Amino acid sequence: MARPRKSYYWWIVGKVLYGLFALGIFAMIAFLLWRVLFSGGTPKEMERLSPNERLLAAYEAKGDALSLRTQEHEIFTRGEHNNGYFSTPRVVYIPEAKQMQVLLRYNNSTLKATKKDFGLESVPPRGEIVYDVSLLGIKDLTPEDPTDNKDGSETLTEVRLAPTSYEIETTKLYTFILYTFDDVTMPEDLIVMYLDVYYGGAVDYESKAYGSIRVYHKDEPWTELALSKEDKAALTAGGGK
């Protein structure tokens with residue numbers, strides 16, 4: 001029996017709407033996969049050590065036995081004013097070189113937020129140094145008495161260290177900056193160390209950082225890392241063993 005013309009019409013409409021709906025779902029999934037797999041991925045150049053003379057000298061002395069260490073830490077900023085603005089997906093301490101390398105990552109929306117937060121006329125550019133970044137160490141002047149370690153205590157002192165060098169890479173969504181800090185040691189009186197981020201146009205170390213992420217704590221155990229193939233290639237290309 002032939003399908004009634006009116007019923008057939010709505011059957012066609014239903015098929016078209018269903019196809020458009022399915023196409024929309026497919027496009028959304030494809031976009032999310034592209035965002036995660038391609039736009040959000042860390043560039044290979046940012047996943048290996050950045051060699052300088054100090055690191056090369058340590059590698060020359062230790063070879064593949066060079067010690068690399070990291071700790072579990074909060075990767076993202078989580079404050080009400082900077083939730084998700086900055087992250088540190090890679091933190092590596094090399095004790096033989098007295099060096100720490102920290103990968104800082106932020107997305108395009110962070111730059112837009114910076115424009116709003118600091119009343120700028122335009123969004124800061126991608127792929128350039130926009131933020132002042134440093135390591136802030138908190139030391140205990142009385143390490144034999146940990147009970148007096150309270151905020152504002154006179155028994156605590158701060159030590160700030162600027163980066164020696166940096167490398168920048170960008171993707172569609174993110175800016176990656178690999179910072180190298182030299183003269184980094186972990187003495188007994190060092191309690192904690194943070195990566196502090198200030199907007200470069202309004203740096204005031206006496207005020208709270210725009211973003212701050214812990215990269216070391218004396219009570220957190222170290223995890224030993226092995227030199228990767230990319231690490232060895234970078235050290236060898238840089239003149240190492």
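Predicted model: local features only at pLDDT ≥ 70, side-chain atom pairs only at ≥ 80, totals over all residues.

Reader: Switching to the fold. How many helices and strands?
Author: Four helices and ten strands. Along the sequence the pattern reads α-α-β-β-β-α-β-β-β-β-β-β-β-α.

Reader: Aromatics next. How many pairs?
Author: The count is 15 aromatic pairs. One of them is Tyr85 with Tyr210: the ring centres are 5.7 Å apart and the planes at 65 degrees, so the pair is edge-to-face.

Reader: Where do Tyr85 and Tyr210 lie?
Author: Tyr85 is in the loop between strand S1 (68-70) and strand S2 (87-94), and Tyr210 is in the loop between strand S8 (190-199) and strand S9 (211-217), so the pair ties together parts 125 residues apart in sequence.

Reader: Buried or exposed, those two?
Author: Tyr85 and Tyr210 are both buried. Ring pairs also link them into a cluster with Phe86, Tyr106, Phe118, Tyr131 and Tyr199.

Reader: What about Tyr179 and Phe181?
Author: Their ring centres are 6.3 Å apart and their planes at 35 degrees, so that pair is tilted. Tyr179 and Phe181 are both buried.

Reader: Last one. Which ring does the charged end of Arg105 sit over?
Author: The ring of Tyr174, at 5.0 Å from its centre.

Definitions and conventions
Residues numbered from 1 in each chain as written. Heavy atoms only, no water. Helix = DSSP H or I, 4+ residues; strand = E, 2+ residues; numbered from the N terminus. Phe/Tyr/Trp six-rings, centres within 6.5 Å; stacked < 30°, edge-to-face > 60°. Buried < 20%, exposed > 50% of the residue type's maximum accessible area, 1.4 Å probe, protein only. Lys NZ or Arg CZ within 6 Å of the ring centre and 35° of its normal.
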